[in-house]
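Trainee: Could you take a close look at one part of this model with me, and then set it in its surroundings? I would like one connected account, with the cut-offs spelled out.

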Amino acid sequence: MELDGRKKVILKTIIQNYLETGEPVGSRTISKCSDLKLSSATIRNEMSDLEEMGYILQPHTSSGRIPSDKGYRLYVDELIREKDQEVADIKELMIQKTDRLEHVLKHVVKVLASNTNYATMITGPTYHQNRLKFIQLSKVSEKQLLAVIVTEGNLMKNQFLEIDEPIDDDQLLKLNLLLNTQLNGLTIGEINLDMIRNMKLQAGIHSSVVGSVVDAVADAIQPDEEDRPVFTSGATNIFKYPELSDSATASELINALEEKKELVEILKGSGLEADDSPGTGIQVYIGNESPNAKLKDCSMVTASYDLGGGLKGTIGILGPKRMDYENVVDNLKMLKVQLDKIFGDEKNKTVQDVSITIDAITQPTPEEEE
């Protein structure tokens with residue numbers, strides 16, 4: 001007898017319900033939980049076939065069914081295949097999205113520098129209040145596991161974990177089910193000590209793996225400022241303003257614009273990307289109001305952009321205190337709208353829509369055409 005698509009859906013529904021409740025699963029539960037739109041009688045016939053094939057068991061007469069070892073094995077093999085494919089798809093998607101985003105951000109700072117005649121900077125986005133999407137543990141050797149951690153926005157991180165005790169395939173399966181059942185959909189702030197303690201009890205001799213995975217999840221969810229790209233343009237515009245062009249002041253400003261880590265701190269210091277920040281407004285820092293002492297002779301205007309799903313970055317424009325604030329604010333508002341058009345709702349965009357919008361924002365400036 002062949003295990004067709006309908007039987008696979010019913011088997012998957014039985015296993016998922018049994019994992020959640022620990023109770024045998026009946027035909028009525030399956031009809032409510034699946035999208036098959038089958039009668040209870042048809043579902044019972046399919047369940048009888050699955051039982052005859054050895055994928056499910058009926059522990060008591062007139063009770064629902066529970067998965068057999070054979071059923072678990074098929075479920076896990078299918079799950080691993082699905083996750084392997086999802087990881088591969090995510091890698092490809094993120095490479096394409098990152099390349100396109102970097103192309104846009106690099107051009108954005110050039111356009112801003114040209115339109116304002118000031119120095120400009122923009123950070124690549126990082127995730128804030130990010131949630132865990134799924135975890136996949138794979139065995140590398142007797143003493144090492146590979147944890148693939150995928151978070152909202154399909155941000156993926158790999159981490160090797162050292163283990164004290166050898167782990168077989170069945171134990172690895174149980175750990176994967178335990179971790180995904182307990183942690184999926186949570187932020188790091190929602191993973192509490194009681195939850196970790198309970199998972200460690202269920203993991204038994206492999207409790208140390210739970211602690212290592214939670215640490216890896218925390219690392220994956222938290223914004224990684226070290227690897228965050230920063231793009232700048234128009235640094236030489238500083239020399240157009242006498243009050244900033246003396247050697248000491250100009251040298252200090254140029255150095256600040258060349259130091260990636262310092263730039264991230266300057267833009268981060270504006271506070272616009274904080275998780276409790278109301279909206280994505282524009283802020284102006286004049287002289288000593290700046291988050292960095294090196295900018296005391298300047299004004300800096302910053303705005304955060306929000307690509308959805310907690311994905312945020314910051315734009316900054318640096319110039320003299322007598323800068324044209326109205327022009328700067330207008331440019332930042334326009335830019336925020338354009339970025340939202342490009343990346344704000346990609347699910348509803350075709351490739352052609354995105355390409356047209358990118359072309360609109362990245363038209364060459366008059367200086368570039370010359």
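Mentor: Gladly, and let us begin with Thr-120, which sits in strand S3, residues 119-123; helices (H or I, at least four residues) and strands (E, at least two) are DSSP runs numbered from the N terminus. Before going on, note that this is a predicted model, in which local features need pLDDT of at least 70, side-chain atom pairs count only at pLDDT 80 or more, and totals for chains, interfaces and linings use all residues. Residues are numbered from 1 along each chain as its sequence is written, and side-chain values use heavy atoms, with hydrogens and water left out.

Thr-120 has a relative accessible area of 0% and is therefore buried (buried is under 20% relative accessible area, exposed over 50%, partly exposed in between, with a 1.4 Å probe and protein chains only). Its side chain reaches the backbone oxygen of Val-109 at 2.8 Å. Beyond neighbours within four places in sequence, the contacts of Thr-120 include Val-109, Leu-112 and Ala-113, and also Phe-231, Thr-232, Ser-233, Gly-316 and Ile-317; contact means heavy atoms within 4.5 Å.

Next comes an aromatic pair, and the structure holds one. The rings of Tyr-118 and Tyr-241 have centres 5.7 Å apart and planes at 35°, so the pair is tilted (rings of Phe, Tyr and Trp, the last by its six-membered ring, pair if their centres lie within 6.5 Å; planes under 30 degrees apart count as stacked, over 60 as edge-to-face and the rest as tilted). This pair links distant parts of the chain, 123 residues apart: Tyr-118 is in the loop between helix H4 (69-116) and S3, while Tyr-241 is in the loop between strand S8 (230-233) and helix H8 (242-245). Both Tyr-118 and Tyr-241 are buried.

Now for the helices. H1 (residues 5-21) and H3 (residues 40-52) pack at about 85°, with axes 10 Å apart; axes are lines fitted to C-alpha atoms, for helices over the stretch in contact, and angles run from 0 to 180 degrees between N-to-C directions. H1 and H3 are therefore roughly perpendicular (65 to 115 degrees; under 35 is roughly parallel, over 145 roughly antiparallel, and the rest oblique). From H1, Arg-6, Lys-7, Ile-10, Leu-11 and Ile-14 meet Thr-42, Glu-46, Met-47, Asp-49 and Leu-50 of H3. These residues divide into five nonpolar, one polar and four charged, where Ala, Val, Leu, Ile, Met, Phe, Trp, Tyr, Cys and Pro count as nonpolar, Asp, Glu, Lys and Arg as charged, and the others, Gly among them, as polar.

Tyr-55 lies in the loop between H3 and strand S1 (56-57), and is buried because its relative accessible area is 12%. Leaving out residues up to four places away in sequence, Tyr-55 touches Leu-11 and Leu-50, among others including Leu-3 and Pro-67. Tyr-55 and Leu-3 are 52 residues apart in sequence, with C-alpha atoms 9.9 Å apart.

As for the whole protein chain, it has 13 helices and 11 strands, and buried residues make up 43% of its 370 residues.

Note on methods. Polar contact = N/O pair within 3.5 Å; in protein donor to acceptor, adjacent residues only side chain to side chain.
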